[in-house]
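Trainee: I would like to go through this model with you, beginning with the strands. Could you take my questions as they come?

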Amino acid sequence: MPMTELIICTTCRPAGNPREQRAAGDVLYETVLAEQAAAHRPGWDAVRVRGVACTAGCSRACTVAFQAPGKHSYQFGDLTPAPDVAQQLLDCAVLHHHAPEGNLARNDRPPLLRNGILCRLPAPLQPA
């Protein structure tokens, strides 16, 4: 089964986050990595956390995405860098990993991710 990637925008800055301060997205990325390393919850080892510069969700910072080969991809916004947020992101990535087509039903997602969805994209088509 392909590994799910939890992609975190490291340049996200919510409104009012000045440029001279560290980007909130970078803090979220670091928080997720720390939680994943410390907690060792079931399934978290099936998640690859990757930071990227700009996922173009600037008006809904902080943004994250879930993706895996052959599965739907999701992007969420309006997140904050906190340990409970990090845990819910990792838990949702595990759900994505176990879902055959990557579908994340609203009521199955952790509470924080039942809102704030920016998009759901189908898996890429296979070459003919």
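Trainee: Which residue in β3 is the bridge partner of Ile7?
Mentor: The bridge partner of Ile7 in β3 is Ala65. This is a predicted model, in which local features need pLDDT of at least 70 and side-chain atom pairs count only at pLDDT 80 or more, while totals for chains, interfaces and linings use all residues. Residues are numbered from 1 along each chain as its sequence is written, and side-chain values use heavy atoms, with hydrogens and water left out.

Trainee: How many bridges join β1 to β3, and do they run parallel or antiparallel?
Mentor: Four bridges join β1 to β3, and the two strands run antiparallel. Strands (E, at least two residues) and helices (H or I, at least four) are DSSP runs, numbered from the N terminus.

Trainee: What is the order of the strands in the sheet?
Mentor: The order is β2-β1-β3-β4-β5, an open sheet of five strands with mixed pairing. Two strands pair if DSSP finds at least two bridges between them. The edge strands, β2 and β5 (117–121), each pair on one side only.

Trainee: Turning to helix α1, what span should it have?
Mentor: Helix α1 (residues 24–39) has 16 residues and should span 22 Å at 1.5 Å a residue; its end C-alpha atoms are 22 Å apart, which agrees. The expected span is 1.5 Å times one less than the number of residues.

Trainee: Which residues of α1 are buried?
Mentor: They are Ala24, Gly25, Leu28, Thr31, Val32, Glu35 and Gln36. Seen down the axis of α1, these fall within an arc of 130 degrees, so they line one face of the helix; the arc is that of the directions from the helix axis to the C-beta atoms. On the other side, Ala37 and Ala38 are exposed. Buried means under 20% relative accessible area, exposed over 50%, and partly exposed in between (1.4 Å probe, protein chains only).

Trainee: What covers that buried face?
Mentor: The cover includes β1 (4–9), β2 (47–52), β3 (64–67) and α2 (83–98), with contact meaning heavy atoms within 4.5 Å.

Trainee: And the aromatics: how many pairs are there?
Mentor: The count comes to two aromatic pairs. Rings of Phe, Tyr and Trp (its six-membered ring) pair if their centres lie within 6.5 Å; planes under 30 degrees apart count as stacked, over 60 as edge-to-face and the rest as tilted. The rings of Phe66 and Phe76 have centres 5.9 Å apart and planes at 75 degrees, so this pair is edge-to-face.

Trainee: What about Tyr74 and Phe76?
Mentor: Their ring centres are 6.3 Å apart and their planes at 10 degrees, so that pair is stacked. Tyr74 and Phe76 are both buried.
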